[in-house]
Amino acid sequence: MEPPQAGQVVVIGSGLIGRSWAMVFAGGGFKVKLYDVVQQQITSALEYIRKEMKELEKSGMLKGTLNAEKQLSLISGCMDLKTAVDGAMFIQECTPEKLELKKKIFGQLDLIVNNDVILSSSTSTLLPTKLFTGLKHVKQCIVSHPVNPPYYVPLVELVPHPETEPSTVDKTYALMKKIGQSPVKLTKEIDGFVLNRLQYAVISEAWRLVGEGVVSPADLDLVMSHGLGMRYAFIGPLETMHLNAEGMTNYCERYREGMIHVLKTFGPVPDFSGEIEQQISQAMSERTPADPEHLNARRAWRDECLMGLAKLKKQMKSN
Ligand code: NAI
């Protein structure tokens, strides 16, 4: 069995995303300090992680080469920021999506960290210039945006601040690869990063199609889950083009005009409210009532599917 990795990681905020990051880093063999301002959150995160890791081990889906007990021994809780970051080489911030709160935390970190540690944020929407501008250690700062749940969905978007040093991006990229995630580098910040820009493009056309009465909400979702999504789990939209003709150039020759014609018929940005919202909400609630019990059951089923898909992708050597 391999020994634990040198270097310690700090996860700030032990909620949904923080606890998942802790598991991913421990899977990679790193010591993890889980810091939070609420003791109960740390306690429940450690309990959750123990239960999850044991189940993952049973099902053969535990990440890394260390067994569950060994990985669990790498994770500890901490309620003192200074103690938590002492000796850390990487800090992953996972606090609620509030700009002022995150700025305050990075401001506190800025005062106590050395010149080597990487300061990374899980933010899904806040741009690096909003989070990090003015920090003394700005060149060590980066956004590492995961996808929920990070344990099964490995993508991480790396988004630098204009003053982030290239070595910060490279080191974060290497670390993410080492712990089994799939990092992608953005060369500059942009609203929505890449994942949410793609996601919102799909959501807005889905909304318009249902709103115009072209297709029912349930059938719209089937187009993705039984159609496009089947191949998108293995190849992206650009490779799809390449394979769906005799290469990309041939695809463009064949479909350029058709694509442009269809794209010009797309409507304006929806307001995601009113009658269409009610219609879609009702349709979604028919399958999964919007109460915690039903939503959690459906989420557990989704995570089981994602775990199966992750297994299949591993078997198929899909990356
Ligand atoms: P959450 O609400 O589940 O957890 C936040 C945690 O931060 C809580 O444990 C809370 O006690 C703690 N916290 C609050 N103030 C703190 C402070 N000053 N210092 C330390 N800890 C503090 O939030 P969640 O969903 O885990 O989101 C965390 C971050 O991850 C957000 O920036 C979010 O945008 C991002 N993210 C969330 C995704 C999701 O699907 N939930 C997906 C990708 C990124």
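These legends walk through several close-up views of one predicted model. Residues are counted from 1 along each chain as its sequence is written, and side-chain values rest on heavy atoms, with hydrogens and water left out. Because the model is predicted, local features need pLDDT of at least 70 and side-chain atom pairs count only at pLDDT 80 or more, while totals for chains, interfaces and linings use all residues.

View 1. Strands (E, at least two residues) and helices (H or I, at least four) are DSSP runs numbered from the N terminus, and two strands pair if DSSP finds at least two bridges between them. Strands of a sheet pair through backbone hydrogen bonds, either parallel or antiparallel.

View 2. Four bridges link strand 2 (residues 31–35) and strand 3 in the parallel sense. Look for Tyr35, which stands opposite Cys78 in strand 3. Axes are lines fitted to C-alpha atoms, for helices over the stretch in contact, and angles run from 0 to 180 degrees between N-to-C directions.

**View 3. Strand 7, helix 7 and strand 8.** Strand 7 (residues 155–160) and strand 8 run parallel, joined by four bridges. Here Leu158 has Lys185 in strand 8 as its bridge partner. The chain passes from strand 7 through helix 7 (residues 166–178) to strand 8 in a right-handed β-α-β crossover: with the strands pointing away from the viewer, the path from the first strand over the helix to the second runs clockwise.

**View 4. Helix 8 meets helix 12.** Helix 8 (residues 195–211) and helix 12 (residues 274–287) pack at about 95°, with axes 10 Å apart. That angle makes the two helices roughly perpendicular, a label covering 65 to 115 degrees. Trp207, Val210 and Gly211 of helix 8 meet Ile276, Glu277, Gln279 and Ile280 of helix 12.

View 5. Most residues other than glycine have a negative phi, and most peptide bonds are trans. The bond from Asn148 to Pro149 is cis, with omega near -10°, and Pro149 sits in the loop between strand 6 (141–146) and strand 7. Phe193 is not a glycine, yet has a positive phi of about 50°; find Phe193 in the loop between strand 8 and helix 8.

Conventions
Parallel < 35°, antiparallel > 145°, perpendicular 65-115°, else oblique. Contact = heavy atoms within 4.5 Å.
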